[in-house]
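Here are my notes on this one, as numbered points. Have a look at the model alongside them.

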Amino acid sequence: MGGLRKITEMKAELQAAEEYMLPSFILEYESDERAGAQKLVEQARKRLSALEHERARIESLKAYERQYEGEGYVCGIDEAGRGPLAGPVVAGAVILPKDCKILYINDSKKLSEKKREELYEVIMEQAVATGIGMASPARIDEINILQATYEAMREAIQNLSVTPDILLNDAVTIPGISIPQVPIIKGDAKSISIGAASIIAKVTRDRLMREYDKMMPEYGFAGNKGYGSAGHMAAIREHGASPIHRQTFIRNLQ
């Protein structure tokens, strides 16, 4: 037994192993009959299987992109923050490379904050182009949330460094845009580009709300992100509206 690696060393090796190393880890240790070794080999197999499933899921998310890739640059559009009582509505626009290999992209609401932050960095690094647009609370009050969302989306498209040839939108058709559009219901869970756009919009908005929290901590914006939690609504009743509250959303609370 002296020639065998310690289980603790094998565990550390597995923890540090990148995906391409897993098959060789399994091959090297699958004949080791120690219970600890067999447990680690099984963990490696499960990791490999989970990665294969995730790759297959991501490939299925490219169906719309493949359908329209002959048109040229395919851009996903989504927004974050239509429902909150405070803060802007933020839109994201993302053009991903055709051979995009980014795993775990999904509707941003289905991801943890930590995973969204990680994916944001990867998307910003690997995307062909990204754009962000915003409409302020005052603008939302002025023209209503739907029109403000459209405005933010148009701004996000304008802020792309590359002009898209077709837009994949999460459920909406944006007025005032000459680029062909494909509205997809629940698109952030069906299209990799829309999912990526939902992530950069959500992370951008959440970071902004955390900054507002530093200036106005009484409303708990870092936690509630402007949404109408019980604590947030109680704070509005106690302190009144802040400069970033949407007056048309909180009429009945003051």
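1. A word on burial before the details: buried means under 20% relative accessible area, exposed over 50%, and partly exposed in between (1.4 Å probe, protein chains only). This is a predicted model, where local features need pLDDT of at least 70 and side-chain atom pairs count only at pLDDT 80 or more, while totals for chains, interfaces and linings use all residues. Residues are numbered from 1 along each chain as its sequence is written, and side-chain values use heavy atoms, leaving out hydrogens and water.

2. Let's start with the salt bridges, taken as a side-chain nitrogen of Lys or Arg within 4 Å of a carboxyl oxygen of Asp or Glu. By this rule the count is 22. Glu-151 and Arg-139 form one of them (2.7 Å, N to O). Glu-151 lies in helix α7 (residues 145-158) and Arg-139 in helix α6 (residues 137-143), so the bridge ties together parts 12 residues apart in sequence. Helices here are DSSP runs (H or I, at least four residues), numbered from the N terminus. Arg-139 is partly exposed at 26% relative accessibility, and Glu-151 is partly exposed at 27%.

3. Arg-116 and Asp-206 also pair, their closest N and O atoms being 3.6 Å apart. This pair links helix α5 to helix α8, 90 residues apart. Arg-116 is buried, with a relative accessible area of 8%, and Asp-206 is buried at 2%.

4. Do look at the pair Arg-66 and Glu-59 too: their closest N and O atoms are 2.4 Å apart. Arg-66 is partly exposed at 42%, as is Glu-59 at 35%.

Terms used:
Helix = DSSP H or I, 4+ residues; strand = E, 2+ residues; numbered from the N terminus.
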